[in-house]
Amino acid sequence: MRPARRAGGLQRKLFVALLIVGIVPGIAALWTTYYFSTASLKQAIGESFQEIARSTAIRLATAVDNEIDRAIRLALVPVHVRQPVMRANERANRTFEAAPRNPSSAASKRGEDTSSSTAATVRYLKEWARESGHYVRVTVADQQGAVVASTDPLLPPQQTEQVWWREAMRAVPGTYYISSLGPDAQANDMTFQVAVPILDDVQGTPIGAVELVIRRNVLTQMILPIHIGNTGHGMLLDTQGTPLICPVLPPTAHLIPHTLLSRLTMDHPLWLVAEDDAHGGRAAIVGAAPVRFSHQLTASSLGGDRWYAFIRQAPEETYAPIYSLLVTVGMIGFGLVFVLSAFGFVVGYRFVKPLKTLQREAEGLRHTLTMPPQGGSRPHIIPTLRVDARKGDEIEDLATSFAAMREVLEENLRTIRSQQHELIRQEKLASVGQLLAALAHDLRNPLGVIRSSAQVVLDGPPEERIRQEMARYIIDEVDKLSHRIHDFLRYARQKPPDQQVVAAEEVMRAAQRQWEAQGGHEHIRVEQRFGQNLHSIRVDPEQVKEALMNLLINAREAMLEGGTLTLTTRRGTQGDVELEVTDSGSGIAADHLSRIFEPFFTTKEYGTGLGLTNVKRLVEDNGGSLAVTSRLGEGTSCTLRFRPVTWSP
């Protein structure tokens, strides 16, 4: 079967090749662009975030340092702070000396003196706190922890148990206390404390302490103005990973992962790519910087932690420019590749057109070579090749070679076709001679027997026994002649099959019944192995039955001393239906097995040698195939294979 013509196949291949040549480098270029652009973008954005975090940390530190400076200056106010503290200390000392054996009475007396602090100091503290507006409370305490003056009238008079007082009174000279941010029920806000000592003018030892409770808006006003796009913002963290200030989520809603926190808590500003930025971002670019105060802090300040300014942005927004760039570049690049491929498709047509011309001419040449001449007409002359492939290149050389080949083929075709008729005539004469020789050989012996028998009867009246024996000889020989003539007629006349849809088992059983009706099978054991649920086959049942009959007769003749005949129907490995006749007879020699389908070939003393030839032709005429396997002395297996009715090519 000649393959179907592929219209435009070369053009499509050229188009696909150009697409591949364009797309593969395009993908590589896009990946390279993405890789290096992303790296550059990360570097630029990371350095920007790092600088924003550094400047934010400086502003936060400055804001806190300013509050420490204000507290220090407040501690130096002589009239309203230092003098009331010194008087409170003196009263406390006198009270303690007057009642050394009754400390509780002394403390009660000192509390009464502290509660009677001058109203002028309280008014001064309120006016001083009102100037900034972000103080929740301003408190002055003496060296015994008693409150000298406070803007909060509800404050307990004794502060010795408060961390701010202990840290201020025990602080190394030049160090100050800052608490961490925490909720304040009175202010209903997050606050932090700043505490500084009030120092003696002579010895420089603490004689009291000043406490400032400050709202966190002092810090948030440094954080909230940070806006980077739509999602970028700043945060204030401590070393525990707690977001002290975050404009997006409340402090308790998220914590910085430990893996990220361990990378952030350095002594210098930095930027990095975080797998999880605690805001749902993956592979997010973040910047961080430690908050360094110009004042020395006590060891317990900030709860023993450090503060860090933290800058982040949603990675979707961070990488949006590079994604947009890639989409734009990809659309333009692949658009150009497609246009180039389309142009290549058009250009390819100029190459394909002359090749199509040559292909059409080759097809015409093939048709001319394979089409036999009609009747006794002269052989067809190959038409002159139309070459419209004059391009001055290899295609023109191909067309020229094709034209030269045409001229040679034209001459050879005339010679071959003139010789073909003579060969056919001689082959027919040889076949007729071979057929007549075989027929004459097969007719000579039976005719001799018939003549001898008739001569015996003619010479005289024989006995009844002899006469019957002669009649049987004549009948047997006539049957042999009839069988031979039937084989020759079957070989000479090829009747087209009348195909019907039948079951394989039904055809096999019909052949078996006809074979058993002939007799001579009494010494043979028959086994049936019929498969279940086999598809039907489309064949001429009479022709297939005749083929099976020939195989059954051969099997009987191969088992003259008895044996086993196995009849099988089954599904083949290729999905076809198989009918198999297997005997345990004498088998076929290996050198004879390759010639069993040749006409007139036989190893028997009788027979025409046309049995298996007719079987093979009958099977193939019905669309099947015949396979014979045999081993000398072990038996023979003949398998007929037919396509099932449901089979489709």
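This is a predicted model: local features need pLDDT of at least 70, side-chain atom pairs count only at pLDDT 80 or more; totals for chains, interfaces and linings use all residues.
1. Next, the largest nonpolar core. It has 57 residues. Those with the most contacts inside it include Leu 74, Val 194, Val 210 and Trp 307. Helix α1 (residues 9-75) gives the largest share, 13 residues. Another core lies apart from it, with 34 residues, among them Ala 555, Val 577, Leu 618 and Phe 642.

2. Look at Val 194. Leaving aside neighbours within four places in sequence, its contacts include Glu 67, Ile 68 and Ala 71. Tyr 177, Ile 178 and Val 210 are also among them.

3. Now the charged pairs. The whole structure has 18 salt bridges. One of them joins the side chains of Arg 312 and Asp 277, at 2.5 Å, N to O. The pair links distant parts of the chain, 35 residues apart. Arg 312 sits in strand β12 (residues 307-312), and Asp 277 in the loop between β9 and β10. Arg 312 is buried, at 5% relative accessible area. Asp 277 is buried too, at 0%.

4. Compare Glu 542 and Lys 545, which meet in a salt bridge of 3.3 Å, N to O. They are three residues apart in helix α13 (residues 541-558), so about one helical turn separates them. Residues three or four places apart in an α-helix point the same way, because there are 3.6 residues a turn. Lys 545 is buried, at 17%.

5. Finally, a network of salt bridges links Arg 570, Glu 578, Glu 580 and Arg 641.

Definitions and conventions. Residues are numbered from 1 along each chain as its sequence is written. Side-chain values use heavy atoms; hydrogens and water are left out. A nonpolar core is a set of buried Ala, Val, Leu, Ile, Met, Phe, Trp, Tyr and Cys residues joined through side-chain atoms within 4.5 Å. Buried means under 20% relative accessible area, exposed over 50%, partly exposed in between (1.4 Å probe, protein chains only). Helices (H or I, at least four residues) and strands (E, at least two) are DSSP runs, numbered from the N terminus. Contact means heavy atoms within 4.5 Å. A salt bridge is a side-chain nitrogen of Lys or Arg within 4 Å of a carboxyl oxygen of Asp or Glu.
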